[in-house]
Amino acid sequence: MKNRLSTGATIGILGGGQLGRMMALAAHRLGLNTHIYCPDENSPAFAVTPHKTVAAYEDIAALTKFAQSVDCVTYEFENVPAQTAAAITEAGTELFPSAKALEISQDRLVEKRFISTVGIEVAPYAKVDSQQELDIALEKIGLPAVLKTRRFGYDGKGQTMLKTAQDVETAFDAIGAQPAILEGFVPFEKEISVIIARDQAGHVAAYDPAENVHQNHILKTSTVPGNINVDVCETAKSIATQLIVALDYVGVMGVEFFVVQTNSGTQLVVNEIAPRVHNSGHWTQAACLNDQFEQHIRAVAGWDLGSPERHADVVMENLIGDEIIAGMKTTESNTQVHHYGKSEIRAGRKMGHINRIFAKKGVN
Ligand code: AMP
């Protein structure tokens, strides 16, 4: 085990949203300090950290000072610019997960190639840099298909569905005429995800897979156990393990899958990997003694991981926009509510979540 941080050591966190906030809360419960770096003065994480820097991700002087004032740095979002990551390591401070995890997950083409190299199934895909290349890609992939920007896509943004020849004509412009990939449409039965952690000594701990339901392209619920059999659960965990090991990764990672029924049985196709704590892992706060935020802090701090064992069945529901108002009034005995401390309610904005636990029935 290298670089085990002691009580009172400070973890730097790039990004001040709800994920950074919940990471900071977990760190403080373990006796560790946090320093949050975020350009937005109104970041929800600032309320729960003793140290903060409000500066741009391009501000190398501010980043250097931040990096030199902490014992390691982690992040809550995958779009950390490459030069930001480089500024941290050039200041002599370790970044977890590494810049390699960022490079791979920031670009859908690089990500698909990486996952395929590990021998894991992804949707059929082709690179598209122009309308002309889209036509060529369609010959290979066929319709229906999904055209996605290679970078900066999230919650369904930067992507468009192609069903007809007419959709094809406008598709490249519709996503802003940027470098893209065309993916074959995967006729999935359901979507699941695995939250997995790896520590600095290489030990891995995977949580049970969650079945995820989206509304308006935003995660609405994560249910554990999902309606999937034990073999599928074990395969999903095993695929997540292969990926996290291949990345030589330190921290918590989310792996999203499509579950597809084929003539030869159930198939798992990896949609994407997120090099961070993940919304579909918030259920761990109520159904596991060591949640994903604690697990991430333990890994980056050079500590041993906690157990990912689940002691209850659970449904996590995101509170989006004004759902937060009714959600915060929930007081049922099986219910845990979380408010992210965002002062302004906006439509489509993740404001908080509810975890509802039930007696544990399923084994998967
Ligand atoms: P993404 O931003 O890649 O996670 O995509 C957002 C959502 O769009 C996914 O959770 C799926 O519901 C849907 N989606 C994305 N790619 C595909 C695909 N190749 N086939 C079918 N559905 C997809």
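**Aromatic pairs and the fold around them**

Five aromatic pairs are found in the structure, where rings of Phe, Tyr and Trp (its six-membered ring) pair if their centres lie within 6.5 Å. One of them joins Phe188 and Phe258, a stacked pair with 4.9 Å centre to centre and 10° between the planes; stacked stands for planes under 30 degrees apart, edge-to-face for over 60, and tilted for the rest. This pair links distant parts of the chain, 70 residues apart: Phe188 sits in the loop between β8 (180–184) and β9 (190–198), and Phe258 in strand β13 (residues 251–262).

Before going on, note that this is a predicted model, in which local features need pLDDT of at least 70 and side-chain atom pairs count only at pLDDT 80 or more, while totals for chains, interfaces and linings use all residues. Residues are numbered from 1 along each chain as its sequence is written, and side-chain values use heavy atoms, with hydrogens and water left out.

How covered are the two rings' residues? Phe258 is buried, because its relative accessible area is 8%, whereas Phe188 counts as partly exposed at 33%. Buried means under 20% relative accessible area, exposed over 50%, and partly exposed in between (1.4 Å probe, protein chains only). Across the chain, buried residues make up 57% of the 364 residues.

Elsewhere, Tyr37, Tyr57, Phe66 and Phe77 form one aromatic cluster.

Stepping back, you can trace 11 helices and 17 strands, which are DSSP runs (helices H or I, at least four residues; strands E, at least two) numbered from the N terminus. The C-alpha atoms fill a box of roughly 60 × 50 × 40 Å, taken along the principal axes.
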